[in-house]
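Have the sequence and the coordinates open as you read.

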Amino acid sequence: MKKKSQLTAKNANRYDLYEESVQNVEFEVEFISDTYKKYNKSKCKTIREDFCASAKISSAWVQDADINIAYAIDLDAKILKYAKNTFEKNLTVDQLNRVKLIKGDSLSYKTPKVDSVVAFNFSYWVFKNRKDLISYFKNAYRSLNNNGLLMLDSFGGYEAHQELEERTNHNGFTYCWDQHSFNPITNDLTCYIHFEFKDGSSIKKAFEYHWRLWSLPEIKECLIEAGFKNIDIYMQDWDDEKDEETEEFYKMTKCDADPGWVAYIIATKK
Ligand SMILES: C[S@@+](CC[C@H](N)C(=O)[O-])C[C@H]1O[C@@H](n2cnc3c(N)ncnc32)[C@H](O)[C@@H]1O
């Protein structure tokens with residue numbers, strides 16, 4: 001990545017900026033490993049990363065252990081090309097052999113069975129009706145070994161229903177999360193990510209998402225209908241002193257009606 005203080009709309013790469021501002025793959029890889037171990041008392045070796053974008057989780061996954069294997073799936077050929085280039089720069093030949101980048105539809109693409117299917121950053125919200133969401137969950141179910149886990153995330157709270165812009169400063173650029181429009185009749189939610197730079201330039205609509213805002217009980221019901229046996233919700237903890245979220249998630253069945261929350265959903269195959 002270019003020296004951050006020199007970043008401008010002209011020289012910045014939006015995929016690099018996305019990874020820096022949105023993703024925390026070290027945390028996610030640890031979360032996948034720890035969660036699988038907690039449920040199965042064994043090691044998670046194979047993952048399928050749906051809606052993988054630059055497949056950063058898969059890349060970190062095959063670097064994390066010599067036996068780890070990852071299948072990474074996305075519809076977008078452009079982002080997969082970017083992923084391939086970064087893989088070739090950063091991974092050894094052995095690691096490259098253990099990760100497959102696949103241009104395909106996560107709704108229907110068949111991979112060999114894996115220990116965990118992961119779909120993070122709310123990407124499965126592209127499925128806007130129950131039929132499609134359940135079809136996606138059924139495909140994830142089919143892709144799992146018998147002890148397998150589907151790991152999803154979700155956000156909500158009353159702020160999720162608001163049209164708002166949230167800015168976070170990073171070194172050399174500002175990340176802007178734009179909840180641009182929300183229709184309470186359908187729960188259609190359109191969001192953009194913009195990047196702004198110190199020289200006044202910006203990349204508007206660097207990424208756009210046309211989602212349905214699903215609630216946790218709706219997601220749970222669709223998972224059960226797709227065949228999953230047990231669904232646990234892990235809510236993110238809050239640090240009262242720092243007045244910010246922590247990296248800890250706790251399994252809960254009841255929690256406060258926070259204005260904005262993020263949760264992980266863990267669905268077990270058996
Ligand atoms: C929110 S981004 C990906 C986020 C990434 N998983 C992460 O954790 O940051 C959504 C990605 O899903 C991809 N996508 C959308 N619909 C898809 C589908 N049906 N199958 C596979 N990929 C899809 C888009 O091309 C885009 O790269």
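## A linked set of charges

Arg-167 counts as partly exposed, at 46% relative accessibility. Keep in mind that this is a predicted model. The partner of Arg-167 is Glu-165: the two form a salt bridge whose closest N and O atoms are 3.0 Å apart. Glu-165 is partly exposed as well, with 45% relative accessibility.

How many salt bridges does a search of the whole structure find? The count is 11.

In helix H4, which covers residues 77-90, Glu-88 and Lys-84 lie 4 residues apart, so about one helical turn separates them. Their side chains meet in a salt bridge, at 3.2 Å from N to O. Glu-88 is partly exposed at 46% relative accessibility, and Lys-84 is partly exposed at 45%.

Asp-232 and Lys-251 also form a salt bridge, with 3.8 Å between the closest N and O atoms. Here the pair links distant parts of the chain: Asp-232 sits in strand S10 (residues 230-239) and Lys-251 in strand S11, 19 residues apart. Are the two partners buried or exposed? Asp-232 is buried, with a relative accessible area of 10%, while Lys-251 is exposed at 53%.

## Patches of charge on the surface

A patch of positive charge on the surface brings together Lys-110, Lys-113, Lys-138 and Arg-142. Lys-110 is located in the loop between strand S3 (99-103) and strand S4 (114-119), and it is exposed, with a relative accessible area of 53%.

The surface also has a patch of negative charge, made up of Glu-30, Asp-34, Asp-64, Glu-247 and Glu-248. Helix H2 (25-40) and strand S11 (244-251) are the elements that give two or more residues to this negative patch. Glu-248 is in strand S11 and is partly exposed, with a relative accessible area of 42%.

How many disulfides does the structure hold? The number is 0. Take Cys-191: its closest cysteine sulfur is in Cys-176, and because the two sulfurs are 11 Å apart, they are too far for a bond. Cys-191 is buried, with 0% relative accessible area.

Cys-222 gives a second example. Its sulfur is 20 Å from the closest cysteine sulfur, which is in Cys-255, so this pair is too far apart for a bond. Cys-222 also counts as buried, at 0% relative accessibility.

Conventions:
Residues numbered from 1 in each chain as written. Predicted model: local features only at pLDDT ≥ 70, side-chain atom pairs only at ≥ 80, totals over all residues. Heavy atoms only, no water. Patch = residues over 30% accessible without salt bridge, like charges linked within 9 Å, V, L, I, M, F, W, Y side chains within 5 Å. Areas by Shrake-Rupley, 256 points an atom, 1.4 Å probe, with all protein chains shown as cover. Salt bridge = Lys/Arg side-chain N within 4 Å of Asp/Glu carboxyl O. Lys, Arg positive; Asp, Glu negative; His and termini not counted. Charge placed at Lys NZ, Arg CZ, Asp CG, Glu CD. Buried < 20%, exposed > 50% of the residue type's maximum accessible area, 1.4 Å probe, protein only. Disulfide = S-S within 2.5 Å.
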